[in-house]
Amino acid sequence: MIRVFRFVSVAEAVSFLLLLLVAMPLKYGADAPVGVQLVGPLHGVLFMAYVGLVFLVRDELGWDLKRTVLALGAAVLPAAPLLVERHWARPPAPAAQPAGRA
């Protein structure tokens with residue numbers, strides 16, 4: 001599930017940036033709303049998937065309430081899910097086994 005979350009985090013951030021930096025300027029600057037009509041719903045689905053996946057992976061990643069709230073807040077900031085994916089969405093390292101006696 002963590003791999004899915006990481007993929008959706010990147011896709012959500014990229015769709016948000018495309019919406020803000022490409023589709024919106026085309027809509028208002030060139031009177032071409034087709035970009036928003038395509039990217040807007042896609043971003044909406046990815047946003048909802050990101051939020052849902054935060055709740056699904058929080059225990060697996062060992063997040064406390066503060067980190068969970070921050071990850072949810074990242075969904076409304078452009079490119080912030082990229083930081084969540086890069087720095088917080090790594091599976092916990094397996095616990096080291098103590099050396100056995102011979």
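# Helix packing, question by question

Mentor: Let's start with T68, which touches V54, R58 and W63, leaving out residues up to four places away in sequence. Keep in mind that this is a predicted model.

Trainee: Where is T68 found?

Mentor: T68 sits in helix α3, which covers residues 65–74.

Trainee: What makes T68 buried?

Mentor: Buried means under 20% relative accessible area. T68 has a relative accessible area of 3%, so T68 is buried.

Trainee: Which residues make the contact of α2 with α3?

Mentor: From α2 come Y50, V51, V54, F55 and R58, and from α3 come L65, T68, A71, L72 and A74.

Trainee: Why are α2 and α3 called roughly antiparallel?

Mentor: Look at the angle: their axes cross at roughly 160 degrees and come within 9 Å. Angles over 145 degrees count as roughly antiparallel, and therefore α2 is roughly antiparallel to α3. The crossing itself is right-handed.

Trainee: How do the residues of that contact divide?

Mentor: The contact of α2 with α3 has 8 nonpolar residues, 1 polar and 1 charged.

Trainee: And what about α1 and α2, why is that pair called roughly antiparallel?

Mentor: α1 and α2 pack at an angle of about 155 degrees, with their axes 8 Å apart. The cut-off is over 145 degrees, so α1 is roughly antiparallel to α2. This crossing is left-handed. As for the residues in the contact of α1 with α2, 20 are nonpolar, 5 polar and 3 charged.

Trainee: Which residues have the most contacts inside the largest nonpolar core?

Mentor: They are F5, Y50, V54, L61, W63, A71 and V84, in a core of 15 residues. Four helices, α1 (2–29), α2, α3 and α4 (80–87), each supply at least two residues of this core. α2 gives the most, with 5 residues.

Trainee: What does V84 touch?

Mentor: Not counting residues up to four places away in sequence, V84 touches F5, Y50, W63, A71, A74 and A89.

Trainee: Now for G40. Why is G40 called partly exposed?

Mentor: Partly exposed lies between the limits of under 20% for buried and over 50% for exposed. G40 has a relative accessible area of 22%, so G40 is partly exposed. G40 is found in helix α2, residues 34–61. With neighbours within four places in sequence set aside, G40 is in contact with L19 and G35. The C-alpha atoms of G40 and L20 are separated by 9.8 Å, and these two residues are 20 residues apart along the chain.

Trainee: How do you know whether D31 is buried or exposed?

Mentor: Exposed means over 50%. D31 has a relative accessible area of 67%, so D31 is exposed. D31 has its place in the loop between α1 and α2. Its backbone is worth a look too: D31 has a positive phi of about 50 degrees, although D31 is not a glycine.

Trainee: And where does A79 lie?

Mentor: A79 lies in the loop between α3 and α4. A79 is not a glycine, yet has a positive phi of about 70 degrees.

Trainee: What makes A79 count as partly exposed?

Mentor: Set the value against the limits: buried is under 20% and exposed is over 50%. At 25% relative accessibility, A79 falls in between and therefore counts as partly exposed.

Notes: Residues are numbered from 1 along each chain as its sequence is written. This is a predicted model: local features need pLDDT of at least 70, side-chain atom pairs count only at pLDDT 80 or more; totals for chains, interfaces and linings use all residues. Side-chain values use heavy atoms; hydrogens and water are left out. Buried means under 20% relative accessible area, exposed over 50%, partly exposed in between (1.4 Å probe, protein chains only). Contact means heavy atoms within 4.5 Å. A nonpolar core is a set of buried Ala, Val, Leu, Ile, Met, Phe, Trp, Tyr and Cys residues joined through side-chain atoms within 4.5 Å. Axes are lines fitted to C-alpha atoms, for helices over the stretch in contact, and angles run from 0 to 180 degrees between N-to-C directions. Angles under 35 degrees count as roughly parallel, over 145 as roughly antiparallel, 65 to 115 as roughly perpendicular and the rest as oblique. A crossing is left-handed if the near helix is turned anticlockwise from the far one by less than a right angle, and right-handed if clockwise. Ala, Val, Leu, Ile, Met, Phe, Trp, Tyr, Cys and Pro count as nonpolar, Asp, Glu, Lys and Arg as charged, and the others, Gly among them, as polar.
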